Amino acid sequence: MKELFRKIKKIDKLLQLPELEGLRDLYSDAYLMDSIKYAVKIVRNKINSSMITIENNIDSAIVSETIKHITLEQKPNLQRVLNCTGTVLHTNLGRAILSNRAKESLYSLADQYSNLELNLSTGKRGSRYDHITNLLQKLTGCEDALVVNNNAAAVLLVLTALSKGKEAIVSRGELVEIGGSFRIPNVMDFGGAKLKEIGTTNKTHLFDYENAINKETGLLVKVHNSNYTINGFTKTIPAEELVPLSKKKRIPIYYDLGSGALFDFSPYGIQEPTVKTLIKSGVDILSFSGDKLLGGPQGGIIVGKKKLIDKIKKNQLLRAIRVDKLTLSALEGTLLEYLDMDKVKTDNPTINMLTVDLDTLERKAIILKKMFEKENISFNIKNLNSLSGGGSLPDKKLPSFCLIFEVDDKVSLPKLVENIRLNRIPILVRVKENKLIMDLRTIKEEDFEVLVEEFSRVYKGTI
Ligand SMILES: *Cc1c(COP(=O)(O)O)cnc(C)c1O
């Protein structure tokens, strides 16, 4: 053993080994020496436990440990996955994916200076929010707009700016938890608004709002039931029906829309009022996410009356939750596509996947099935529902086409599902009653080849 230890060269000698030439081109000597030191430690341990013996070449052992260490260390943790779950807005998988145009905007600005807060025509300081204001005015009919880091931040900001120290009236049926312990009552508390609960879990009437209003009231708050539905004996007052009361009492309405659609999904079986409709009906302030139904980057978009937006812009909290240039560039790219509502339907991946017709999904299923058959893996095609997800459309089932793979024994399926998830390009599927389900809604045609190749390789190593 001693003899083996003596064979370990000094670090600077090891650094010059010809096998490390490739790495020497890529990394500095200091970084490589650190990695070699680490590799030497591993090799020493292996000698101690007799995993390396006199038959092994010590230099090669160190080289291979060095390469292994650097490869692992340099690999990003955040990586692409193939979403075959059919859930278009999957919070665990990063919600909306960007359109090409949004990606281009982001990409072209990433390593450049920009006019983020510079008004190019006057040469004076500008506002970062100006870049998207015109677009949002045109697309939603709002007077003014503002963007923050996410909608949770938007909710907090609006409540603080408009109802701190005053009462904010909310229906008990809308005191929701959005996830990640973000609960509307707690957020109100945090923002300094006094929560005035009205109605009951299942029913809230207009007179409940009327009776609750007093001289302490600062805001009427509506919250979208993004992630649940109540059925049966229920009543809620839609935002637009609150407008006359709000006007009469001069108390603004704020609607936390959650998802916020700029595209009209109603012909596709998704009943979400567009932001434009709500603004037209007289709602004063609305906020919604950038990466839910909008199909853009993470963000919290606040639109509404200029007087109120001005007040919100003056709040100190805004500075702590302001968006960066990369988000703004991706958001501008996303919004620009909405100028052409027919094109956004094909070009925005979220809208495209939510509105795709059954024929297209069936055609995709047939192509993918054939590609798997070439690898001797046989799937059945089935007409199943997919969920839109992301806490955006509760219970919303969209008919889709899926590839189903069944195995008889109960052991190999979980193993297969785990192995494809742990793959170098992780593949995420649905599993139900010993069936592996791939939903064509979220699988891009351009990914078919890589999906078949990666799945088949793992499959052959598992089953
Ligand atoms: C999703 C959601 C939020 C939070 O939005 P994020 O952009 O995820 O921060 C707030 N309110 C409602 C009603 C939501 O659905």
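The structure is a predicted model, in which local features need pLDDT of at least 70 and side-chain atom pairs count only at pLDDT 80 or more, while totals for chains, interfaces and linings use all residues. Residues are numbered from 1 along each chain as its sequence is written, and side-chain values use heavy atoms, with hydrogens and water left out.

The protein chain contains 20 helices and 13 strands; helices (H or I, at least four residues) and strands (E, at least two) are DSSP runs numbered from the N terminus. Along the principal axes, the C-alpha atoms fill a box of roughly 90 × 60 × 40 Å. Of the 463 residues in the protein chain, 47% are buried, where buried means under 20% relative accessible area, exposed means over 50%, and partly exposed lies in between (1.4 Å probe, protein chains only). Among contacts in the chain with a separation of 6 or more, 74% join residues 24 or more positions apart, a contact being heavy atoms within 4.5 Å.

With regard to charge, the chain carries 68 positive and 57 negative side chains, and the centres of the two sets lie 5 Å apart. In this count Lys and Arg are positive and Asp and Glu negative, whereas His and the chain ends are not counted. The place of a charge is taken as NZ of Lys, CZ of Arg, CG of Asp or CD of Glu.

Strand S2 (residues 144-148) is largely enclosed by the rest of the structure, because five of its five residues are buried. Asp144, Leu146 and Val148 point one way from S2, and Ala145 and Val147 point the other way; all are buried. S2 pairs with strand S8 (residues 300-304) in the antiparallel sense over five bridges, pairing being assigned if DSSP finds at least two bridges between two strands.

Side chains of opposite charge can pair when their charged atoms come close. A salt bridge is defined as a side-chain nitrogen of Lys or Arg within 4 Å of a carboxyl oxygen of Asp or Glu, and by this rule the count comes to 23 salt bridges. One of these joins Glu117 and Arg128, with the closest N and O atoms 2.9 Å apart. Both residues lie in the loop between helix H6 (100-110) and helix H7 (130-140), so the pair ties together parts that are eleven residues apart in sequence. Glu117 is partly exposed at 25% relative accessibility, whereas Arg128 is buried, with a relative accessible area of 6%. Glu117 and Arg128 also belong to a network of salt bridges that links them with Arg125 and Arg322.

Two further salt bridges are found within helices. In helix H18 (residues 358-373), Lys369 and Glu373 are four residues apart and thus separated by about one helical turn; their closest N and O atoms are 3.4 Å apart. Lys369 is partly exposed, with a relative accessible area of 21%, and Glu373 is likewise partly exposed, at 39%. In helix H20 (residues 448-462), Arg457 and Glu454 are three residues apart, a separation of about one helical turn, and the closest N and O atoms of their salt bridge are 2.5 Å apart. Here Arg457 is partly exposed at 40% relative accessibility, whereas Glu454 is buried at 3%.

Most residues other than glycine have a negative phi, and most peptide bonds are trans. Ser50, although not a glycine, has a positive phi of about 60°. Ser50 lies in the loop between helix H4 (29-48) and helix H5 (58-74) and is partly exposed, at 48% relative accessibility. Asn434 is not a glycine either, and has a positive phi of about 60°; its position is in the loop between strand S12 (430-432) and strand S13 (435-439).

A further loop residue, Leu422, is placed between helix H19 (412-421) and strand S11 (427-428). Leu422 is exposed, with a relative accessible area of 60%. From C-alpha to C-alpha, Leu422 and Lys374 are 24 Å apart in space, and they are 48 residues apart in sequence.
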